[in-house]
Structures are given as structure tokens and as C-alpha cells.
Amino acid sequence: MDLELKGKSVVVTGGGSNIGRAIVLGFAEEGANITIGDIDEVQANKVVKLALEKGAAGVQLVKTDVTDLNQVKAMFAAAVKKFGTVDNLVNNVGWDQLMYFTQTTPELWQKIIQINYLAVLNCTRVALDLMIPKKRGTIVSISSDASRQGEPREAVYGGVKAAVNGFMKTIARENGRDGIRCNVVCPGVTIPEDDEEVGKTSLWVNRDAMFTPEQLEKVARALPLRKVGRPRDIANAVLFLSSVRAGHITGQTLSVSGGYSMIG
Ligand SMILES: NC(=O)c1ccc[n+]([C@@H]2O[C@H](COP(=O)([O-])OP(=O)(O)OC[C@H]3O[C@@H](n4cnc5c(N)ncnc54)[C@H](O)[C@@H]3O)[C@@H](O)[C@H]2O)c1
């Protein structure tokens, strides 16, 4: 199936590590032009090199903290300068610290809200200004099954990701008439296969601190498909939703989680 992403200009936030990295490499294999917005220059530059090897038409890293609207504006300006426009946005950046709610502080709540929600507002706002006049574009935001299921130790994160799901539905309704499609992908546990897939700012830099191999086996056994997710699983869904092949799909929230969530 030709996704017709060749030559498209794509912005992927958090494209340096794990899921974002796989999304960048997926778009690269389709021959897209990619702008990566990430705070980790060292790791993201490795992904730039790999993306070119995989067939990207063009790739650039714009060091960006997506919680800062001015930096986000500069990132999109760089994308337009190098690739002429922005056709597709993937809001991938996210972050959490696993703790029971009663142990968390208001400072931690603020940080989780900034990275997981305000960053999505920043990037979506700037992207829409570019997409509306062209009457086309796609936005995919990476949420989490924690927003659909309720996950112990992810109370604030799960609530904020649910806000992303709701926000994206309204954005889909408001902008469908301008040919802009907006969807959400909810990963379940999705782990890197190799240390080279993560940089020092990744949640997975110390994989065993997140999940021991025994815990991962337990997670896998509890899932209908009996396996945890890999970054490429999420990237495949994002590529499809960003493509013309999903041309009649908008406002949807898709779990890619081995059957963890089943919403009907
Ligand atoms: N991996 C999972 O199990 C899982 C499960 C559910 C949802 N998710 C969601 O998937 C997305 C990707 O997760 P991941 O596991 O690949 O994360 P990760 O921690 O491995 O990578 C995140 C990337 O974002 C970058 N980043 C962090 N803060 C940033 C900021 N302020 N500005 C710019 N870049 C920033 C990091 O440098 C890193 O490259 C997130 O939205 C996350 O919430 C992940």
C-alpha cells in the first residue's frame, strides 16, 4: 500500500528516542522530509543520520523545548524554511514519573501538564496556522492507554492524556471543513529493543528501573496478544493515520496496546 508520504513535510516532536525515533524512521522509509523537535541533540542527531540512510528526502533537527511556544514557533519556521510547508504534525513528546497520587507534589503535576498537554496545544496552534490556508494537513497526537483504563501510579499523567484525547476531538471537529484530520494514538507499554534507541532524556534510559524483565513478562501475559509493544507498532499506526489512506478518518482515538484497552 503506497501511503503517498513521499516528499511530505513532517514535524515529529520528541523524535530522538523510542517511539518518536521509530516514527521518524517510518516517515524516512516513505521518503518524507522530516523536522525533529527534541531537547536531546546528541540522540536526535543520531536519528537524523539514520533517517537519511533509510531514505528520507531531507531531515533536520531543530533543538526545541516544546513546552515553550516561542521555541515551537521557531521550529515550525525552520520546517517551512527548509521544506516549504508542514503537511503533517506528530505530537509525540510525553513524560511521566510513576508515583501514587498521594506521593506527588503540585510541582510534579505542573511538569506533567506542561510536557503532556501544553506542548500539544503549542504545536497544534502553530501547525493549524500553516495548514488552514492550504486546506490540508494531519495531526496525530500520542496519548496513552493510561487515559482510557486508569493506571495506578499514573493519575495525573492519565488525566492529562485524557485531556489530549478530548482536545484532539474538538480540533478535528473545528478543522475538518478545512481538510485537516486529527487523530490520537494510545500506546500501551512500548519498550525499546536496544539501548541505541534511547538517549539520556528518555524515560527508558534505564529500562530495568521502569520494568524489570520479570515485570515485563507479567505485563505481556496479561495482554490478549501476550506481548508488549515495540516502537514500530506505534509508528505504523501513526504513518497510516497521517496518510491519504486514512483520508476519511478523523477525531478517532486508537489504542495500539496488544488489546489492553478495548473501547467499542
Ligand atoms: N513507551 C511507552 O510505554 C508509552 C506508553 C504510553 C504512552 N506513551 C507516550 O508515547 C510518547 C513517546 O514515549 P516514549 O516512550 O517514546 O518516550 P521517551 O521518553 O523514550 O522519549 C521522549 C522523547 O521526547 C524528548 N523530549 C522530552 N521532553 C521534551 C521537551 N520538553 N521538548 C522536546 N522534546 C522533549 C526526549 O528527549 C525524548 O527524545 C509519549 O507521549 C508517551 O507519553 C509511551
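This is a predicted model: local features need pLDDT of at least 70, side-chain atom pairs count only at pLDDT 80 or more; totals for chains, interfaces and linings use all residues.
## Helices across the sheet

Helix α6 (residues 155-175) lies across β5 (137-142), β6 (180-187) and β7, with an angle of about 165 degrees to β6.

## The sheet itself

What are those helices lying on? It's an open sheet of seven strands with parallel pairing, and the order reads β3-β2-β1-β4-β5-β6-β7. At the edges you'll find β3 (58-63) and β7 (253-256); each has a single partner strand, so one side of each has no neighbour in the sheet. From one strand to the next, the twist averages 20 degrees.

Now for some of the pairing. Strands β1 (residues 9-13) and β4 (residues 88-91) run parallel and are joined by three bridges, with V10 standing opposite N88 in β4. On to the next pair: β4 and β5 are also parallel, over four bridges. Here N88 turns up again, this time opposite T138 in β5.

How many of the six residues of β5 are buried? Six of the six, so the strand is largely enclosed by the rest of the structure. In a regular strand, side chains alternate between the two faces of the sheet. In β5, G137, I139 and S141 point one way, while T138, V140 and I142 point the other, and all of them are buried.

## The nonpolar core

The largest nonpolar core has 60 residues, and the ones touching the most other members are V24, I34, V185 and V238. Helix α4 (residues 106-134) is the top contributor, giving eight residues to this core.

Take I34 as an example. Leaving aside residues up to four places away in sequence, I34 touches V10, V12, V24, F27, A28, A51, A56 and V59. V10 is the residue opposite N88 in β4, and V24 is itself listed with I34 among the core residues that touch the most other members.

## Around the ligand

The ligand has 32 residues around it, and the closest are G14, G16, N18, I19 and G94. Both α1 (18-29) and β2 (33-38) supply at least two residues of this shell, and the largest share, three residues, comes from α1.

What's the shell made of, by class? It has twelve nonpolar, 17 polar and three charged residues.

Technical notes. Residues are numbered from 1 along each chain as its sequence is written. A nonpolar core is a set of buried Ala, Val, Leu, Ile, Met, Phe, Trp, Tyr and Cys residues joined through C-beta atoms within 7 Å. A residue is buried if 20 or more other C-beta atoms lie within 10 Å of its own, exposed if 12 or fewer, and partly exposed in between; C-beta atoms are placed from the backbone. Two residues are in contact if their C-beta atoms, placed from the backbone, lie within 7 Å. Two strands pair if DSSP finds at least two bridges between them. Axes are lines fitted to C-alpha atoms, for helices over the stretch in contact, and angles run from 0 to 180 degrees between N-to-C directions. A residue is near a molecule or strand if its C-beta atom, placed from the backbone, lies within 6 Å of it. Ala, Val, Leu, Ile, Met, Phe, Trp, Tyr, Cys and Pro count as nonpolar, Asp, Glu, Lys and Arg as charged, and the others, Gly among them, as polar.
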